[in-house]
Amino acid sequence: MKAEIITIGDEILIGQTVDTNSAYMGKELNAIGVTVSRITSIRDTREEIIQSIREAQARVDLIILTGGLGPTKDDVTKFALCEFFNTDLIVYPEIEKYIRGIFEKRNRPILEVNLKQAELPRDCDIIPNKIGTASGMWFERSGKVVVSMPGVPYEMKYLMQNGVLGKIQETFKTPTVLHKTVMTTGAGESFLADKIVDWENSLAKEDIHFAYLPSSGIVKIRLSIISEDREAAQERIDRKVMELLQLIPNYVYGFDDLPLEKAVGDILLENNLTVSTAESCTGGFVAHLLTSIAGSSAYYLGSILSYANEIKQQELGVRNSDLERFGAVSAQVVEQMAMEVRNKMKTDYSIATSGVAGPDGGSEEKPVGFVWIAVASKDGVVSKSFNFENDRGRNIQRASIAALNMLRLEINNEI
């Protein structure tokens with residue numbers, strides 16, 4: 001079962017808006033056995049919309065559109081759909097009543113242009129939008145389905161979960177698709193591939209599809225099965241995941257898109273532990289990751305952002321002699337940072353970072369991307385150097401991920 005996604009709007013084509021809708025829809029469609037074979041972004045014009053639908057119908061049975069359903073004159077999707085399906089607009093009383101109710105609840109006057117959103121194509125199934133004013137529309141003709149949804153991401157997601165996905169499964173009788181994503185950090189894709197080559201080769205015998213999904217500091221290993229027998233498919237995936245865990249136990253930190261910061265936070269919570277941070281090159285990004293998780297105040301106490309050497313000395317007690325002899329980017333300095341912030345914050349653990357984020361400031365001995373990270377505890381301090389790359393943003397992100405992973409490994413006694 002194949003589908004195409006068409007996103008509508010000039011704002012996408014000129015880079016003003018990033019198309020996140022397609023990524024979400026592709027993931028959700030794949031989960032119910034629908035393969036997205038093409039994603040197209042087009043201008044908000046009748047001609048472009050009609051031509052794109054016509055071309056897509058020659059290739060696939062399901063076309064999903066987002067965008068162009070607002071109340072203003074530049075939103076022409078429903079008019080194009082009327083022309084394509086040779087129908088007209090009519091007022092849907094239940095939709096008009098709902099729209100009026102929204103404005104009454106907000107104590108705002110309703111305009112004629114708002115009521116126009118109750119005018120929808122006659123020959124379609126309406127998918128009610130309970131969190132907005134733009135309804136979804138479902139058209140069927142000669143075994144082909146066209147679905148139109150608003151481009152506002154949270155409205156599109158609501159309609160996908162509350163109407164569209166279920167209707168697709170009922171209409172096309174899609175097979176069961178199971179996914180399991182193993183989250184790893186601390187090793188690159190090529191290193192992991194070498195470690196698990198025999199295991200990877202064995203997946204074909206189980207009809208399991210496999211993919212590496214690398215990002216900054218994280219490599220996802222995704223296993224997928226398409227099967228009519230859900231229970232048997234689940235057993236096969238679970239068995240292969242257990243085999244994988246035995247091969248690379250120290251690199252796996254969780255499953256199914258679990259953020260590393262959430263995994264680390266869970267470990268801290270489960271063990272009733274606290275952590276603090278002292279950051280230089282990462283500029284507070286380690287603290288940001290930790291505090292991005294709801295409930296992090298239970299284990300994260302605070303940070304000292306010691307970007308300047310003077311702050312390292314004044315706030316973290318780093319010896320001037322060590323700064324002069326070894327430099328700010330050194331094991332000696334980062335270890336002192338970690339130990340002192342732990343003492344000041346009175347936490348069980350602490351993390352410290354110091355490095356050359358770039359794009360300038362590197363040397364032959366300490367090039368751009370060279371970072372020292374330390375983790376301190378009651379048992380002492382451990383430190384490790386890393387060589388990342390030339391991009392400042394990625395260096396900050398990768399150093400922060402590496403710092404959280406060092407904390408994870410230290411708590412688990414795996415360093």
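Keep in mind that the model is predicted.

Let's start with the largest pocket. It holds about 620 Å³ of space. The lining counts 37 residues, and G68, G70, P150, G151 and V152 are the closest to the centre. Where does the lining come from? Strand 1 (2–8), helix 1 (10–13), helix 5 (93–105) and helix 7 (153–172) each supply at least two residues of it. By type, the lining of the largest pocket divides into 15 polar, 13 nonpolar and nine charged residues.

Next, the helix pair. Two packed helices are described by the angle between their axes and the distance between the axes. Here we look at helix 11, residues 260–270, and helix 16, residues 392–411. Their axes come within 10 Å and cross at roughly 30°. Angles under 35 degrees count as roughly parallel, so helix 11 and helix 16 are roughly parallel to each other. The crossing of these two helices is left-handed. Which residues make the contact? From helix 11, they are L260, E261, V264, I267 and L268. From helix 16, they are I401, L404, N405, L407, R408 and I411. Eight residues of this contact are nonpolar, one is polar and two are charged.

Last, the backbone. G358 and P359 are joined by a cis peptide bond, with omega about 5°. Find P359 in the loop between strand 15 (349–355) and strand 16 (370–377). Now go to N86. Its phi is positive, about 55°, although N86 is not a glycine. N86 also sits in a loop, between helix 4 (77–84) and strand 4 (89–91).

Terms used:
Residues are numbered from 1 along each chain as its sequence is written. This is a predicted model: local features need pLDDT of at least 70, side-chain atom pairs count only at pLDDT 80 or more; totals for chains, interfaces and linings use all residues. Side-chain values use heavy atoms; hydrogens and water are left out. Axes are lines fitted to C-alpha atoms, for helices over the stretch in contact, and angles run from 0 to 180 degrees between N-to-C directions. Helices (H or I, at least four residues) and strands (E, at least two) are DSSP runs, numbered from the N terminus. Angles under 35 degrees count as roughly parallel, over 145 as roughly antiparallel, 65 to 115 as roughly perpendicular and the rest as oblique. A crossing is left-handed if the near helix is turned anticlockwise from the far one by less than a right angle, and right-handed if clockwise. Contact means heavy atoms within 4.5 Å. Ala, Val, Leu, Ile, Met, Phe, Trp, Tyr, Cys and Pro count as nonpolar, Asp, Glu, Lys and Arg as charged, and the others, Gly among them, as polar. On a 1 Å grid over the protein atoms alone, a cavity is a set of points where a 1.4 Å probe fits but cannot get out, and a pocket is an open set with protein on both sides within 12 Å along at least five of seven lines; lining residues have an atom within 4 Å of a point. Grid points are joined across faces, edges and corners, and a volume is the space filled by probe spheres set on the points.
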